[in-house]
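I am opening the notebook on this model. The entries follow the order in which I looked things up.

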Amino acid sequence: MTTTEARPAVPPVERSKRRISINPRQSGIYVAFALIVVLFEVLTGGALLEPQNISNIIVQNSYVLILAIGMILVIISGHIDLSAGSVVAMTGAVSAVLMVNSHVPWFVAVLITLVVGAAIGAWQGYWVAYFGIPAFIVTLAGMLAFRALTLSVLGNQGIGPFPDAIRTLSNGFTDGYLGNIALGPLGGADLVSVLAGVAAVAGIVFTQWRKRAGRLGYGQEVDPFPVFVLKIAGIAVLVLALVVQLARFKNLPWVLILLAVLVLGYSLVAGKSVFGRHIYAVGGNLQAATLSGVKVKQVTFWIFVNMGVLAALAGIIFAGRLNQAGPTAGVNFELDAIAAAFIGGAAVQGGVGKVVGAITGGLIMAVINNGMSLIGAPSERVMLVKGVVLLAAVAYDIWTKRRAAS
């Protein structure tokens with residue numbers, strides 16, 4: 001009997017000493033975002049990154065970013081939602097009728113509005129998941145139907161004003177509790193906001209360190225330690241710079257805190273939960289997911305329910321920002337959310353995408369809108385640039401796929 005000599009196992013640390021490589025498909029969106037920010041910072045003479053303007057970008061585009069979170073999950077699963085903008089208008093009208101006309105307490109009205117959004121999502125999810133009608137057709141019908149219902153509720157007039165709590169959530173800022181901290185030539189900044197930024201950086205460092213340690217523990221390849229440190233340092237600098245700029249103006253917008261909670265929660269759901277893995281499985285290979293025991297119909301149904309809830313939340317935020325619910329609210333919002341998802345790295349066929357990528361895509365659109373407004377570009381030129389950016393993002397995604405396959 002012959003024996004074979006066992007090969008010594010490669011220590012996990014040795015695996016980390018690999019050649020530095022960059023995945024252009026994953027990193028391209030962040031590089032593009034940085035280049036666009038630098039470009040408009042130069043073109044606007046430094047106005048783009050002024051504290052007040054950064055705050056305006058976040059507040060003015062918060063509802064699109066909320067929609068993008070739900071839309072990325074829909075697209076990952078291989079579907080599309082064309083009714084999001086009409087649902088925003090419909091739920092905004094419902095919240096206005098409850099809070100303004102019926103004088104329902106604002107927190108009760110918010111809960112009822114979210115339930116209405118969930119019911120709308122369940123209605124559409126049923127036809128897609130259990131009746132087998134393509135999502136494109138169902139949500140196109142929903143876009144028309146819910147816009148008609150909005151016009152029926154509101155007529156040709158808006159309903160307002162909204163309660164102070166809703167306006168504060170949409171347009172307000174956190175209060176300063178511990179005073180300002182001196183930052184030399186930058187002036188003063190709210191201490192609580194700066195501490196919140198430091199806490200966010202600490203959380204990012206902790207989670208990334210644990211992720212790296214876990215991959216090493218399983219003998220998987222990771223970035224060399226110097227590269228890992230540089231990446232974390234870059235993220236930390238960006239987060240702290242953003243927080244300091246906001247703290248120099250009027251502290252942190254409440255809607256930014258809401259967005260941070262949503263991004264963190266949905267990132268965990270998409271990346272760590274069983275339901276999240278099922279979403280990717282359904283979008284990546286529907287037949288394989290079915291054979292693997294994934295309850296495809298239930299996953300699809302709840303994705304649309306979730307989209308309805310987030311559209312309702314966006315409807316409340318948008319109506320609160322304008323201080324009234326209008327019949328033209330939400331026009332083309334679904335297109336902005338879809339564009340944000342695809343620019344952020346979602347695949348046309350489904351199965352690929354990240355929540356953070358969708359938020360980045362939405363911010364790219366927001367910076368383009370804001371930057372071109374600051375330089376006085378006409379609206380038709382803004383639409384042209386946004387269309388070119390969307391086409392370039394999808395073309396880049398297809399090109400990287402073909403390159404990887406070859």
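Which residue with a positive phi follows H10? I found Asn251 there, with phi near 70°. The model is predicted, so I note the source terms: local features need pLDDT of at least 70, side-chain atom pairs count only at pLDDT 80 or more, and totals for chains, interfaces and linings use all residues. Residues are numbered from 1 along each chain as its sequence is written, and side-chain values use heavy atoms, with hydrogens and water left out.

Entry on H10. Helices are DSSP runs of H or I with at least four residues, numbered from the N terminus. I checked the span of H10, residues 225-249: its 25 residues reach 37 Å from the first C-alpha to the last, close to the 36 Å expected at 1.5 Å a residue. The expected span is 1.5 Å times one less than the number of residues. I then listed the buried residues of H10 and found Val227, Phe228, Ile232, Ala236, Val243, Val244, Gln245, Leu246 and Ala247. Buried means under 20% relative accessible area, exposed over 50%, and partly exposed in between, with a 1.4 Å probe and protein chains only.

Entry on other positive phi values. I looked up His103, which has phi of about 55° although it is not a glycine. His103 sits in the loop between helix H5 (84-101) and helix H6 (106-129). His103 counts as exposed because its relative accessible area is 65%. I also took the C-alpha separation of His103 and Met307, which is 27 Å for a pair 204 residues apart along the chain. Asn323, also not a glycine, has a positive phi near 65°. The loop between helix H14 (296-322) and helix H15 (333-343) holds Asn323. With a relative accessible area of 25%, Asn323 is partly exposed.

Entry on the cis peptide. I found a cis bond between Gly160 and Pro161, with omega about 0°. Pro161 belongs to the loop between H7 and helix H8 (164-171).

Entry on Thr150. I placed Thr150 in helix H7, residues 135-154. Is Thr150 buried or exposed? Thr150 counts as buried because its relative accessibility is 0%.

Entry on surface patches. Patches take residues with over 30% relative accessible area and no salt bridge, joining like charges within 9 Å and nonpolar side chains (Val, Leu, Ile, Met, Phe, Trp, Tyr) within 5 Å. A salt bridge is a side-chain nitrogen of Lys or Arg within 4 Å of a carboxyl oxygen of Asp or Glu. Arg210, Lys211, Arg215, Lys272 and Lys354 form a positive patch. Helix H9, residues 191-217, gives the most to the positive patch, with three residues. I located Lys272 in helix H11, residues 254-272, and Lys272 is exposed at 62% relative accessible area. The nonpolar patch is made of Leu39, Leu43, Leu374 and Ile375, which together have about 350 Å² of accessible area. Leu43 lies in helix H2, residues 24-43, and is partly exposed at 49% relative accessibility.

Notes. Helix = DSSP H or I, 4+ residues; strand = E, 2+ residues; numbered from the N terminus. Areas by Shrake-Rupley, 256 points an atom, 1.4 Å probe, with all protein chains shown as cover. Lys, Arg positive; Asp, Glu negative; His and termini not counted. Charge placed at Lys NZ, Arg CZ, Asp CG, Glu CD.
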